[in-house]
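Here is a short report on one protein chain.

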Amino acid sequence: MPRPGPRASRRPPYTVCAALLLLLTGCAAPGAAPGPTAVRTAAHAPAAHAPAAHAPTGNAGAAGPGAAAALRPAAPTGPFEIRMLGQVVRSAIPAESRQALVVTGNSPDSSEATAVLYTRDDPTVGWQPVAGPWPAHNALYGWTDEHYVNDLRTPIGVYGLTAAGGRLEAPGTELPYVQSPAFTASGEGFDGESLEGSFDYVIAIDYNRVPGASPLDPTRPLGEERGGGIWLHVDHGGPTQGCVSLPEDRMEELLRILDPAKVPVIVMGDVAALAR
């Protein structure tokens with residue numbers, strides 16, 4: 001693992017149970033497209049109002065019955081899109097996806113982020129926020145377009161959410177769920193915080209893994225050097241190795257909401273990356 005640079009005062013990377021050491025190399029393993037219609041903003045953010053038409057020149061009294069209509073602001077058309085996402089990122093969300101957890105990092109090098117869950121149950125209406133914003137953490141050194149083992153950055157992109165697990169019983173979820181003591185976490189995080197309970201609930205992020213497989217599955221289709229074991233898991237109060245963490249009650253809520261039939265995805269990265 002590289003020595004911490006700009007945050008050298010932090011403690012060494014955290015450790016987890018031996019079972020996970022043998023299986024995972026990401027946060028879970030320590031040390032080692034829009035249509036042709038106009039886009040509308042998401043409902044939770046202020047809508048961008050169309051400017052009023054300029055008043056007609058000449059004799060306003062002779063303008064006729066269409067004059068009043070011309071002065072009204074144009075009504076927005078088309079389905080709502082997720083406001084902070086640019087064209088490239090939007091186009092990466094599968095057309096069949098109806099749930100998207102958007103995790104927005106504060107900056108490319110920040111380990112703090114915000115998560116909002118959106119649904120698209122009616123394509124004519126578009127994306128609507130249904131949960132959040134929630135506080136979140138990502139990797140110690142922020143975000144990257146090309147993740148490698150031990151770079152202490154979280155991979156940017158759009159990834160499926162197809163399997164879950166944890167040390168505790170499932171809180172009620174439609175996702176395939178594996179309960180195992182192998183999800184036991186121990187040691188300290190980068191800020192000296194306890195890691196106990198971090199893996200009580202996890203949702204595997206389909207970066208460099210077989211979609212639908214257990215979060216503990218060690219298969220790395222892109223190669224071991226590209227890392228893996230990138231999860232959503234319980235927040236421990238500090239930066240992660242590469243995962244995204246949420247408060248425990250939010251992880252429980254997310255597990256109950258996510259539905260495989262809606263092809264849920266996570267859209268994650270810093271503000272600038274998501275605006276592409």
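## Surface and make-up

The protein chain has an accessible surface of about 12,400 Å². Carbon and sulfur atoms account for 57% of that surface. The model is predicted.

Of the 276 residues in the protein chain, 46% are buried. The chain holds 5 helices and 11 strands.

## A cis peptide bond

Most peptide bonds are trans. The bond that joins Gly-132 and Pro-133 is cis. Its omega is about 10°. Pro-133 sits in strand β3, which covers residues 128-137.

Most residues other than glycine have a negative phi. Asn-208 has a positive phi, near 50°. Val-263 also has a positive phi, near 50°. Neither residue is a glycine.

Where do they lie in the chain? Asn-208 is in the loop between β8 (202-205) and β9 (231-234). Val-263 is in the loop between α4 (248-257) and β11 (265-270).

Is Asn-208 buried or exposed? Its relative accessible area is 5%. The cut-off for buried is under 20%, so Asn-208 counts as buried.

Val-263 has a relative accessible area of 30%. Buried means under 20% and exposed means over 50%, so Val-263 is classed as partly exposed.

Conventions: Residues numbered from 1 in each chain as written. Predicted model: local features only at pLDDT ≥ 70, side-chain atom pairs only at ≥ 80, totals over all residues. Heavy atoms only, no water. Helix = DSSP H or I, 4+ residues; strand = E, 2+ residues; numbered from the N terminus. Buried < 20%, exposed > 50% of the residue type's maximum accessible area, 1.4 Å probe, protein only. Areas by Shrake-Rupley, 256 points an atom, 1.4 Å probe, with all protein chains shown as cover.
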